[in-house]
Amino acid sequence: MASILSVRNLTKTYQSGNRLLTVLHDVSFDLRRGETCAVVGPSGSGKTTLLGLCAGLDRATSGSVDLSGERLGAMSEDALARLRNREVGFIFQTFQLIPTLTALENVMVPAELRGQKGPRERASELLDQVGLGERMSHYPAQLSGGEQQRVSIARAFVNRPAMLFADEPTGNLDTDTGATIEELVFEINETAGTALLLVTHNHELAQRTGRIIRLRGGNIVSDTLTRA
Amino acid sequence: MPNPWIFRMAWRDSRGSRRQLALFLSSMIVGVAALVAISSFGSNLRKVVDDESKTLLGADLVFESGRPFGETMEAAIDSIGGAQSRLISFPSMAWFPAGEQSRLMTVRAVEGKFPFYGDIETTPASAADGWLADGGALVDAAVMRLFNVQPGDSVRIGRYFYPVAGRIDRMPSENQMMSFFSPRVYIPAARLDSTLLSRGSQADYELAFRFDDGRDVEALVENIGLFLREEEVRYDTVEEVRESWDEGLTNLYRFLNVVAFVAVLLGGIGVAGAIHVYVRRRLATIAVLRCLGAGTRQTFSVYAVQTIAMGLASSVTGAMLGIGVQMLVPVALSDFLPVDVPFMVSWGSLGAGMTLGVGVTAAFALFPLVSIRRISPLLTLRSTVEIGQTSLKDPLWWIVFGVVATGITTFSVANAPSPGIGLGYVVALTAVFGTLLVTAKGIIWAARRFFPSRWSYIWRQGLANLFRPDNQTNTLILSLGLGAFIIGTLFGIQRTLLAQLEVSEARQLPNIVLFDIQPDEIDPVTRIVQGKELPVLDSVPIVSMRLASVNGRTVSAMRADSTATWAHRREYRVTYRDYLTESEKVVEGVFIGEADPNDPVAPVSLDQDIARDLDVGIGDSLTFNVQGQLIPTRVASLREVEWRRMGTNFFVVFPAGVLENIPRFYVLLSRTENGEQAAGLQRAVLGGYPSVSVIDLSLVLSTFDTIFSRISFVVRFMASFSILTGVIVLIGAVVVSRVQRRRESVLLKTLGASQSEVLRIMTVEYLFLGFFAALTGLALSFASVWAFSAFVFDTSFRPDVVATLVLLGAVPFLTVAIGLVNSRGIYRRSPLDVLRTDM
Ligand SMILES: Nc1ncnc2c1ncn2[C@@H]1O[C@H](COP(=O)(O)OP(=O)(O)O)[C@@H](O)[C@H]1O
Ligand SMILES: [Mg+2]
């Protein structure tokens, strides 16, 4: 009942050529509401794949994912989209801002899609919070990488999601900028009480979450709590 | 749920690409303009024809006969009443003494107040009212201009002189084309030289009625129809003339409509190509939207809204432009029109044109737009996700295809003279588009398959651009190829038709014809010709006759039970001779040159087509009536006659020894080397023998040339819309591919490629595309010119080699030129700028 994300026996197999490549083997875990968790592992171990499946961006070969009490496998693409809009925030390694929209408009998109009242106020409040109050009408091309990632953090929280997915959010940034971004993510996440599934290579970053899942070759090799 | 977000997002998403998008969709502008112009003009024209249908006939009812009306007919005419006016029309030489020039013209001798409806327009204007009472003549404008005849000069027709009252600018019931074929001279019937009517039977007798008692003319002719047929009197009513004009104009209008529609379709292809690239460049955005929770329909709508908005903008622009173009249409068509068409905006056409423009834009844009639904949000996590390239597996794609195909077929069938021809358009269009598409695919395949890996870097890059992702090969080959096809076909048809005329020019063929020569005039006229040291190429007697019976069954009996065809009813001008000419050969039976004096049945030779129309063969008997005298004949041979060859050709040829004592006239053919000789001969002959008619065939040829150039002007006028659209599609496609390649060019530049290397790579790409498009388009145009010459003009196929070679060079050159002009800015931008902002 208390779990926001419930993954059971999740397996993902790709067909590459005439060879079957199993990227995830029988992965199971649960995430409680408000819990933060890091997924770590070497490159190619299946972290991104797992994230994509948990967020309903891709379909599992077998096993199930329940997000916010809904079984993803049974839902249509459009139902998944609605669920993501309502319950999920994203932060990507490559920022993924829409180039033709200003910072403010980018942040507003999920709220507007949801048809909420006053998306502009909410969005500018968040942009203030990430320190971009002065840059709201700038386009992504006019922002640095770190600034772009802050916009995308603001966007991730605009609909007050119950679940936040982040795939190597600092992977494309220099160490210093990366550190500021991390601060920001944890800070906002803490105040919002959002559950977090964070994919990262960075051990320090992983240590700041409540729990670490280690993946290797598509298997969970350990699942440990960091703080009692 | 029409979400306002969709419109907001569409607006925002189009930022920075609006000018590009506008350019892509501007390919619709010209097509819509053409369509609106043609259809608005067409509806005006029909309205005018309806409003002025009485002017088209000039009367309420006209009777027409090949001979003077008989007594019973005159009695009937009396009882019909109304206001009456008579006209006698016949060809005759008109001689203008001022410049000593003469010309074969159609004389129309008027008695009474014809035309009853519509006004004769003349220069000077006063001539229209006074000419009849003053005993003057009204003369065709072109002839007056050609011979520099002034009002007040005189013209001689037969033995009488008439003062020229004025020039005919417009005559109700006639159009400019008629004047090209046979210029008119109007004279008062009261002063007609009646000897001109006594010989031959080429005169046409008309009686025009005007009824002011609101009589039902259709009912009247219905009542007396049978009687008129017996009297061999044809009739024309306002309703019939209106219908036939309506039909003719509708066909013309539909043809032009189809041509305009091809421009719209071409524009549609431009739209499809542009939107395809546009969507591909929006992949990341679409994936993000999907990830943030936009549904498939919402994302799709964001782009559909942009497309439709731009389609609407270009259709509105096109429609406005079309209204402007509409003013030009009457200029192009004026020679073919019976009435002045005033400029009016047809709101219906405007609406229909815009609807069609938006519809075609939307329909063609759907082909690339449907793939939006399959763009996965997973693309935000990895860029390697395959987006379903195979649209062909998408049922929605096929639905769109079905809708477009049905739409095109419906439009073609609705605008063709018959459903068969409409389907023919579709088949031809499919064949052309299909061949071009196959060529494009073939180029993509071959460039990849036979990639010349040892060629220089520049050639390899240029060739690779043909098949790399986001290539413009399909769009460019289609638009360039279609353009080359249309231009090539036009040139080819023109060349084929002109080639026919040149044949008669080049060889020692007759170019001057003297006819209406009486038997007692033939020797002195022949001496005049020889005295001028001109050759007598042919001199044949001609006898006019009608068929009396076929295999014992009389033609009047056949008329009575309506089995008589036009071939039974017509008048035959036959000759007699004991030899075959160069332009005919016997295909059945034996040609008999001389009649057996002991056999009362003459062995004649028939043209095979007329034999088919008469339904007779070798051995069948035909009886001819020559001015009351019956002449029995049997069909001894059938000939195939090359009618297009200049010379004298006949449906029926008698053997020598049968018609020698029957009233006849002679035709003499000669050849002059220049206009001066021809004029000299005309003067000499007409001086002594005014009733002899002379036709200068080189004049006829130049007339034909004039007519042809008017027609080809109209066709080119319409084709220019397709060509213009092709150029816009081309520019659009080049710009799109430039945008695609811009990043790459900048990268190359950053990596150290010189400007000239970057430009040379582009040149290679466009040179290939331009060349293969031109090659395919021109090959297709050969096929279509061949089809036209075989099935429409019935001539041998003459390709225009020079034009073909020129086009083969010009199209690639133009492509490269447009490509280079469009990319001139690229090299000036800072690489950093492009790499940072390019999206
Ligand atoms: N569409 C695909 N087809 C085939 N193999 C894939 C596909 N997507 C990912 N993979 C493979 O799955 C494995 C896991 O990838 P990924 O989840 O991206 O790893 P990580 O994010 O941990 O680096 C890799 O070996 C990758 O090559
Ligand atoms: Mg990864």
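Chain B has 28 helices and 21 strands, in what is a predicted model.

**The interface of chain B and chain A**

- The size of an interface is often given as the accessible area lost when the parts come together.
- Between chain B and chain A the buried area is about 2700 Å², and carbon and sulfur atoms give 59% of it. On the side of chain B, the residues that lose the most area to chain A are Arg12(B), Leu292(B) and Leu381(B), which together make up 25% of what that side buries.
- Five salt bridges are found across the interface, and twelve residue pairs are in polar contact between chain B and chain A, counting pairs in which both residues are at pLDDT 80 or more.
- Arg12(B) forms a salt bridge with Glu105(A), in which the closest N and O atoms are 3.4 Å apart.

**Helix H3 of chain A**

- Helix H3 of chain A, which covers residues 103–114, is mostly covered, since eleven of its twelve residues are buried. Among them are Glu105(A), Asn106(A) and Glu112(A), as well as Leu104(A), Val107(A) and Met108(A).
- The buried residues of H3(A) pack against helix H2 (77–87), helix H4 (119–129) and helix H5 (145–157) of chain A, and also against H1, H12 and H13 of chain B.
- After H3(A) comes Gly115(A), whose phi is positive, near 75 degrees.

**Helix H20 of chain B and its surroundings**

- Helix H20 of chain B has 13 residues (519–531), which at 1.5 Å a residue should span 18 Å, and this agrees with the 19 Å that separates its end C-alpha atoms.
- The buried residues in H20(B) are Glu521(B), Ile522(B), Pro524(B), Val525(B), Thr526(B) and Val529(B). These pack against strand S11 (512–517), strand S12 (536–550), strand S20 (665–670) and helix H24 (675–688) of chain B.
- Glu533(B), which follows H20(B), has a positive phi, near 60 degrees.
- Ala678(B) is found in helix H24 of chain B, and with a relative accessible area of 2% this residue is buried. Apart from neighbours within four places in sequence, Ala678(B) is in contact with Ile512(B), Thr672(B) and Asp696(B).

**Other places in chain B**

- Ser14(B) lies in the loop between H1 and helix H2 (18–25) of chain B, and at 5% relative accessibility it counts as buried. Once its neighbours within four places in sequence are left aside, Ser14(B) is in contact with Tyr278(B), Arg282(B) and Gln306(B).
- Glu206(B) has its place in strand S9 of chain B, residues 204–210, and counts as buried because its relative accessibility of 14% is under 20%.
- The side chain of Glu206(B) makes a polar contact with the side chain of Arg108(B), at 2.9 Å. Beyond the neighbours within four places in sequence, the residues in contact with Glu206(B) include Val62(B), Phe63(B), Glu64(B), Phe69(B) and Arg108(B).
- Pro419(B) lies in helix H17 of chain B, residues 419–449, and counts as exposed because its relative accessibility of 54% is over 50%.
- Pro419(B) and Gly531(B) are 112 residues apart in sequence, and from C-alpha to C-alpha they are 60 Å apart in space.

Conventions. Residues numbered from 1 in each chain as written. Chains lettered and ligands numbered in written order. Predicted model: local features only at pLDDT ≥ 70, side-chain atom pairs only at ≥ 80, totals over all residues. Heavy atoms only, no water. Buried area = accessible area lost by both parts, 1.4 Å probe. Salt bridge = Lys/Arg side-chain N within 4 Å of Asp/Glu carboxyl O. Polar contact = N/O pair within 3.5 Å; in protein donor to acceptor, adjacent residues only side chain to side chain. Helix = DSSP H or I, 4+ residues; strand = E, 2+ residues; numbered from the N terminus. Expected span 1.5 Å × (residues − 1). Buried < 20%, exposed > 50% of the residue type's maximum accessible area, 1.4 Å probe, protein only. Contact = heavy atoms within 4.5 Å.
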